[in-house]
Amino acid sequence: MNALLIYPEFPETFWSFKHALKFLGKRAAQPPLGLMTVAALLPGAWKKRLVDTNVEPLRDRDLAWADVVLLSGMHIQCESLLAIVERCRARGVRTVVGGPIASSVPAAELKADHVVIGEAESLIADLARELEQGTARRVYQAAERPEMCTSPLPDLSLIKMKRYSTMTVQYSRGCPFNCEFCDIIEIYGRRPRTKAVAQVLAELEQLRAAGWRDSVFIVDDNFIGNKARAKELLRALVEWRTQTGTGFDFITEASLNLADDTELMQLMKDAGFKSVFLGIETPDESGLVASNKLQNTRRSLLESVARIQSYGMEVMGGFILGFDTDKEDIFDRMVEFIQKSGIPIAMVGLLQAMPGTQLFRRLRSEGRIVDAGGGNNTFCDRLNFLPRMDSAKLVEGYREVMKRIYNCEAYYERVKLYLNRAHPKPAKRAAGEPARKQPSEAWMTRSNLRALVNSIVRQGVFGRHQWSYWKFLAEAATRYRRCFGAAMTFAVMGYHFQVMTQKLLKAIDSATEPAASGEILPSEAGTQIP
Ligand code: B12
Ligand code: SF4
């Protein structure tokens, strides 16, 4: 069998990092790890090719080669995925759709010949055999979630590695918490399942052998979902780094209770973790309680963030507006919190009720669901449910929050606050004490140099905020020269966020909003959704 694995295109969003990637000469942030894993699970005798339409075009001759096309994707890639399925149908090529989209969009709407719901490890052998025999079923659903030791080494040979800014490795799936709006726990479960440490090291070795030396995203739903297992991996990573001299920078996602464990934070620092995404959601405690995000309550959120940053880790934060508990002051409180947090990359979005979540079920029973949503909560101009606050007010408040936090000056202020915490000035030497060498970044790689030149041209010469940019650049080169590389990376990322914010504001301005205008009655719309 000739199997063609296709990853559909993402729309332009905050998470696409598109405008920052241009500076680095990269086409996408990360490769499709799900498809690379599926490829490794398919029979060895099959011929495989992978086309990630985010980094290369899908040509008719690719489709002509294929006996079967296997697609993966998130809900947000639906439009592109459906167009590809349509292209395959027109040519009579068999299609199989899997990945997170299969858990959130009804199988019938995906229009593929076969739909696989859930993780592939335990069912791919049946699927492959039945595809070969021509007896494949319409829908496959894994009876139970597989143990991660059954997950193979992803097939790295299928991707064009240089076109991505970051490589990905997965250690665990699932998260022990129970946030009402979360679809992670519905798709991947609440019991964190981890790979063996040796499996992860083999994946890193594979990357190293292929010449990769940049960032690696540990794409776990919650890297510290099982703290003991996370520490086990971290100790092995520290040793592996020392033995191999490989300085990968790691990025991951975790819950805020990371701040409670100094040993864990120190191990992450020692292992090379430079960035962690945290779901902070809201500075309003009642919103956290109502959405069952209890791990973020009974603490100072700002102090927790600062503690993590003090271990040299950038915190990226996820924030949500639109909880039932939000009052009109939430917008000012959100901006104030974000500015004080030193979180440069704040992913603020409107609450979305994702199909399959506890939130979706509750709102549906209350007759408040409008539609299934688009799967992208950080670039949206309308809600898929009826909020308690007037929805026009909510969208307008969201618009203002985005405008204020991605104002150039406000953004650079957060970057500086973070740099001060993560790279504090060296303490003054006592009289007679020998000079200590301060660690500084080896950042002047060819791709960073390219990004710097591009940044100077686009932001400093042709940009709309030249004065703020040059002021920041001057400070980066003087006050923050030990972490100049990090400062410049933030300048480049800032460009992406500013461009995207402008686009979001325009989209909101021109949006016609069904929920606000009352065109769709909640009870009518609610009944159409499974
Ligand atoms: C890394 C990651 C990203 C990366 C991008 C990675 C990439 N190249 O695609 C970044 C950080 C950019 C990102 C962004 C977003 N992400 Co994201 N992301 C993840 C994360 C954490 C890991 C993905 C991964 O590599 N998994 C590892 C692989 C091995 O798992 P897998 O893809 O599920 O594959 C398995 C099965 O699904 C199945 N399978 C997969 N494909 C196929 C295909 C076939 C044919 C078959 C048979 C089986 C099969 O087999 C695999 C092995 O078991 C997941 C969570 C998760 N646990 O997966 C969220 C997740 C995929 N993201 C999600 C979301 C919502 C987003 C955003 C829309 C967020 C937002 N608010 O805007 C953005 C959109 C991206 C954009 N460009 O705009 C959701 C998707 C939900 C959904 N139902 O669609 C997830 C599930 C997290 C969540 N909240 O639930 N994301
Ligand atoms: S902590 Fe994050 S991954 Fe875990 S249940 Fe809550 S939202 Fe989902």
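1. The second largest cavity has a volume of about 50 Å³. The model is a predicted one, and a search of the whole structure finds 2 cavities of 30 Å³ or more.

2. Which residues line the second largest cavity? Its lining consists of E409, Y412, E413, K416, S468, K471, F472 and E475. Two elements give two or more residues each to this lining, namely helix 17 (408–422) and helix 19 (466–478). Sorted by class, the lining of the second largest cavity holds 5 charged residues, 2 nonpolar and 1 polar.

3. The largest cavity has a volume of about 70 Å³. Around it stand P31, L33, M36, P154, L156, M167, T168, V169, E203, Q206 and L207. Helix 2, strand 7 and helix 9 (197–209) are the elements that give two or more residues to the lining of the largest cavity. By class, this lining divides into 8 nonpolar residues, 2 polar and 1 charged.

4. Turning to open sites, the second largest pocket has a volume of about 1,100 Å³. It is lined by 50 residues, of which H75, S103, S104, V105 and P355 are the closest to its centre. The elements that give two or more residues to this lining are helix 4 (78–91), helix 5 (101–104), helix 6 (107–110), helix 8, helix 15 (358–365) and helix 20 (484–510). In the lining of the second largest pocket, 22 residues are nonpolar, 14 are polar and 14 are charged.

5. The shell around ligand 1 comprises 42 residues, and Y7, T13, D183, Y188 and D221 come nearest to the ligand. The residues of this shell divide into 20 nonpolar, 16 polar and 6 charged.

6. Which side chains place a polar atom beside ligand 1? A polar side-chain atom of Y188 lies 2.5 Å from an oxygen atom of the ligand. The side chain of N376 has an N or O atom 2.9 Å from an oxygen atom of ligand 1. For S104, a polar side-chain atom lies 3.0 Å from a nitrogen atom of ligand 1. The elements that give two or more residues to the shell around this ligand are helix 2 (33–41), strand 3 (68–71) and helix 8 (184–188). Helix 2 gives the most, with 5 residues.

7. Ligand 2 is surrounded by C175, F177, N178, C179, F181, C182, I184, I185, K293 and Q295. By class, the shell around ligand 2 has 7 nonpolar residues, 2 polar and 1 charged.

8. One open sheet is built of 6 strands in the order 7-10-11-12-13-14, with parallel pairing. Why do strand 7 and strand 14 each have one side without a neighbour in the sheet? Strand 7 (166–169) and strand 14 (346–350) stand at the edges, and each has a single partner strand, so one side of each is left without a neighbour in the sheet. On average, neighbouring strands of this sheet are turned by 20° against each other, direction ignored. Within it, strand 12 (residues 273–281) and strand 13 (residues 314–321) pair in the parallel sense over 6 bridges. S275 stands opposite E314 in strand 13.

9. Another open sheet of 6 strands has the order 2-1-3-4-5-6, and its pairing is parallel. Strand 2 (47–52) and strand 6 (139–141) stand at its edges with a single partner strand each, so one side of each is left without a neighbour in the sheet. Neighbouring strands of this sheet are turned by 20° against each other on average, direction ignored. Strand 4 (residues 94–97) and strand 5 (residues 114–117) pair in the parallel sense over 2 bridges, and V96 stands opposite H114 in strand 5.

Definitions and conventions: Residues are numbered from 1 along each chain as its sequence is written. Chains are lettered from A and ligands numbered from 1 in the order in which they are written. This is a predicted model: local features need pLDDT of at least 70, side-chain atom pairs count only at pLDDT 80 or more; totals for chains, interfaces and linings use all residues. Side-chain values use heavy atoms; hydrogens and water are left out. A residue is near a molecule or strand if one of its heavy atoms lies within 4 Å of it. A polar contact is a pair of N or O atoms within 3.5 Å; within protein, one must be able to donate a hydrogen and the other to accept it, and residues adjacent in sequence count only if both atoms are side-chain atoms. Helices (H or I, at least four residues) and strands (E, at least two) are DSSP runs, numbered from the N terminus. Ala, Val, Leu, Ile, Met, Phe, Trp, Tyr, Cys and Pro count as nonpolar, Asp, Glu, Lys and Arg as charged, and the others, Gly among them, as polar. Two strands pair if DSSP finds at least two bridges between them. Axes are lines fitted to C-alpha atoms, for helices over the stretch in contact, and angles run from 0 to 180 degrees between N-to-C directions. On a 1 Å grid over the protein atoms alone, a cavity is a set of points where a 1.4 Å probe fits but cannot get out, and a pocket is an open set with protein on both sides within 12 Å along at least five of seven lines; lining residues have an atom within 4 Å of a point. Grid points are joined across faces, edges and corners, and a volume is the space filled by probe spheres set on the points.
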